[in-house]
Amino acid sequence: MVSQEMEQWLQALPLGEAIDIGGESVCLLVDDDGAELVLVLLREPSQAQIAEAMRSGFQCALDFDAGLAIAEDSGALVLNRWLAQAETWVDVAEALEDILNQAALCRVAMKPSTARPAQEANRAELRMRAALNGGTS
């Protein structure tokens, strides 16, 4: 349930234009049958970033209701969710919270791995074993 203060804030938000909520660019595009809630993940994604988002996106889609897309007009990587019968930001308050949480998880999952390649790790492990064994492996 949305508090009265939150409802007033949501009612003041513009429809059809991007707004900043907690550092995220979000937009509510209202149509005759409902509304599309859109959150920009990356404005100019590289192919590698798109591939990483696709790998992690399937699990996020299972846990949440928004899907990944490439915006036709800008080429941005976005999360979007269709909400039937929605007409205002108040109608999508719960979905807004969900998509913000989903974006946070997607960003974590899309971060490049900082792990060393296996070959480097193996060499370091061999050196460590040799040192622990008095110079013999």
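Predicted model: local features only at pLDDT ≥ 70, side-chain atom pairs only at ≥ 80, totals over all residues.
Helix α2, which spans residues 47–63, packs with helix α3, which spans residues 93–110, at an angle of about 140 degrees, and the axes of the two helices are 9 Å apart. Because an angle counts as roughly antiparallel when it is over 145 degrees, the pair α2 and α3 is described as oblique, and the crossing of these two helices is right-handed. On the α2 side, the contact is formed by Glu 52, Ala 53, Ser 56, Cys 60 and Ala 61, which meet Gln 102, Leu 105, Cys 106, Ala 109 and Met 110 on the α3 side. Sorted by class, the residues in this contact between α2 and α3 are 7 nonpolar, 2 polar and 1 charged.

The loop between β5 (77–84) and α3 contains Gln 85, and Val 90 is also found in the loop between β5 and α3. Gln 85 is a residue other than glycine with a positive phi, the value being near 70 degrees. Most residues other than glycine have a negative phi. With a relative accessibility of 65%, Gln 85 counts as exposed, since the exposed class begins over 50%. For Val 90, the C-alpha atom is separated by 9.7 Å from that of Ala 12, although the two residues are 78 residues apart along the chain. When residues up to four places away in sequence are not counted, Val 90 touches Glu 7, Leu 10 and Gln 11.

Helix α1, covering residues 4–12, includes Met 6, which counts as partly exposed because its relative accessibility is 39%. Met 6 and Ala 93 are 87 residues apart in sequence, yet their C-alpha atoms are 9.0 Å apart in space.

Strand β2, made up of residues 24–30, holds Ser 25, whose relative accessibility of 15% places this residue in the buried class, given that buried means under 20%. The C-alpha atoms of Ser 25 and Leu 42 are separated by 9.8 Å, with the two residues 17 residues apart along the chain. Once the neighbours within four places in sequence are left aside, the contacts of Ser 25 comprise Ala 18, Ile 19, Val 38, Leu 39, Val 40 and Arg 43.

Technical notes:
Residues numbered from 1 in each chain as written. Heavy atoms only, no water. Axes fitted to C-alpha atoms, helices over the stretch in contact; angles between N-to-C directions. Helix = DSSP H or I, 4+ residues; strand = E, 2+ residues; numbered from the N terminus. Parallel < 35°, antiparallel > 145°, perpendicular 65-115°, else oblique. Left-handed = near helix turned anticlockwise from the far one by under 90°. Contact = heavy atoms within 4.5 Å. Nonpolar A, V, L, I, M, F, W, Y, C, P; charged D, E, K, R; others polar. Buried < 20%, exposed > 50% of the residue type's maximum accessible area, 1.4 Å probe, protein only.
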